[in-house]
Amino acid sequence: MCGIVGLFLKDSRLEPQLGQLLSDMLITMTDRGPDSAGIAIYGSAAEGKAKVTIQSAKPDIDFADLERDLAEAGLPARVALKSTHAVIAVAAARLADVRSVLAAIRPDVRIMGSGDSVEIYKEVGLPKDVVARFDVRSMSGTHGIGHTRMATESAVTTLGAHPFSTGSDQCLVHNGSLSNHNNLRRELTREGMAFETQNDSEVAAAYLTAEMAKGKDLGEALTSALDDLDGFFTFVVGTKSGFGVVRDPIACKPAVMAETDQYVAFGSEYRALVNLPGIEDARVWEPEPATVYFWDHEKAA
Amino acid sequence: MDASVKRESLEAMRVFDLVKTPLRELNSALHTIARGRNDTNFEVVNPRGSHAVAVGIDQPVTVDVRGSVGYYCAGMNDGGTITVHGSAGPGVAQNMMSGTVIIEGDASQYAGATGRGGLLVIKGNAASRCGISMKGIDIVVHGNIGHMSAFMGQSGHLVVLGDAGDALGDSLYEAKLFVRGTVKSLGADCIEKEMRPEHLQKLAELLEKADVKDVRPEEFKRYGSARKLYNFNIDNADAY
């Protein structure tokens, strides 16, 4: 088991409530997995800026004077601290340099994700504690995904928590277990993808990143995942402007979706959706097996 | 209204609001009805996707659930009539023994699994594995059903007014399947069979019980076991 949720807003008036709504959805799913929890929020992107979310086991030490040390290393940045995580904002053109500079000046910090708009927060513990620790309720944004984990395929650690982000503004949450992830990891490594964990879900995220790097859009990448990934999965995936859902052909991992004029929502169970505004009149359905669903703010505009 | 009449009507319908009342209170109230009592009408409001609503009923009670439920609603029902005025999550009416369960909306996967008796009516669609390992239950789905439905079904009837997904009736024993729409594919050892008068008669009876109107039994096709998988074929003796 695991609990996964997602919320893609169509009505910008709901954006200030994204963190609040997504937090409640995730907390409702707590009894589907107590090991770790995480949330990815796509906030508003600032023109010409990019951000990197990092995590440290020793934030007191690693985050002290981080802004100054980045500047001294030739990388002007703003650093916003949130408990064990920090968000580094840099000029978009310098995004690629953050990883190498951090490796030099703060070798122990882990990169959770990066991009124009995504921020990712994840830790071991219950959703309510993770949400409170990072003040997720106060966050606004256009879409977001969340996960509460019952670990099966790799250790209960911060890095083993979802969402997994393997490309700029891309992230994935997974309920299920993959059976061909070791082979696929070897193939993707050969193609140049880097992995942080032994986790099966990270392989799925990296697979989609690699497919999109070849020019596929999110929907096309999810369609090819149906051929190339073996095992059980319900995935909810975010990109900078998109939101996708796919289930494996056997579809034993639960999934419920709801759509109104204001949003598209995903929950492992209907319980996760009951507090959303207008849910009484939403179109509620169970996504079909081996069927790709995706929405895109840019394509809709 | 006369005060005594009002009190009687309140007693006749016991309402459980699951926002205010723990689920266990509802289920234990359903389990402690003395035989012969007549205050057997229950209403459940604000189920909000709760699991295990109205499970383990063993008296002829009536339960109306106003909203959608999560896993295993009405499981093991033995004689009750449970109506969900909404949709149901996975495993609704699992292992029903007798009685009636009606879902006004859709049902998620493995609806009516392993059911031994009673009638399950789904007025919307049912997802995958509907009636898996059914052992005597009758299931009527007004809409469509998903893949692997009636897998290893042993007895009982599955009636589908819409379409069936992949691998219908895989490894089927003696459950009888009736589908009015298309079947995406048949599972191993499941074949289309001749519709004989006794089947039409049974189908008419089930349609009436399930409140289906304007649909004739002749519109359905019957599917059942080819009986090659679960019977030993002496020609295969060399393989053992």
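**View 1. The largest nonpolar core of the predicted model has 86 residues.** A nonpolar core is a set of buried Ala, Val, Leu, Ile, Met, Phe, Trp, Tyr and Cys residues joined through C-beta atoms within 7 Å. A residue counts as buried if 20 or more other C-beta atoms, placed from the backbone, lie within 10 Å of its own, as exposed if 12 or fewer do, and as partly exposed in between. The residues with the most contacts inside this core are A:Val5, A:Leu7, A:Leu26, A:Leu172, A:Ala204, A:Tyr207 and A:Ala265. Apart from it lies another core, of 69 residues, which includes B:Val44, B:Tyr72, B:Val92 and B:Cys190. Because the model is predicted, local features need pLDDT of at least 70 and side-chain atom pairs count only at pLDDT 80 or more, whereas totals for chains, interfaces and linings use all residues. Residues are numbered from 1 along each chain as its sequence is written, with chains lettered from A and ligands numbered from 1 in the order in which they are written.

**View 2. Helix 1 of chain A, residues 18–28, is mostly covered.** Helices (H or I, at least four residues) and strands (E, at least two) are DSSP runs, numbered from the N terminus. Nine of the 11 residues of this helix are buried, among them A:Leu18, A:Leu22, A:Met25 and A:Ile27. Their cover includes strand 1 (2–9), strand 2 (36–42), helix 5 (127–133), strand 8 (143–149) and strand 14 (263–267) of chain A.

**View 3. A:Leu26 and the residues that it touches.** Leaving aside residues up to four places away in sequence, A:Leu26 touches A:Val5, A:Ala37, A:Ile39, A:Pro127, A:Val131, A:Gly146 and A:Thr148. Contact requires that the C-beta atoms of two residues, placed from the backbone, lie within 7 Å. A:Leu26 is also one of the buried residues of helix 1 of chain A.

**View 4. The contact between chain B and chain A.** Here 12 residues of chain B are in contact with nine residues of chain A. The side of chain B that touches chain A has two nonpolar, eight polar and two charged residues. In this classification Ala, Val, Leu, Ile, Met, Phe, Trp, Tyr, Cys and Pro are nonpolar, Asp, Glu, Lys and Arg are charged, and the others, Gly among them, are polar.

**View 5. The elements of chain B.** Chain B has three helices and 11 strands. Along the sequence they follow the pattern α-β-α-β-β-β-β-β-β-β-β-β-α-β. Of the 240 residues in chain B, 48% are buried.
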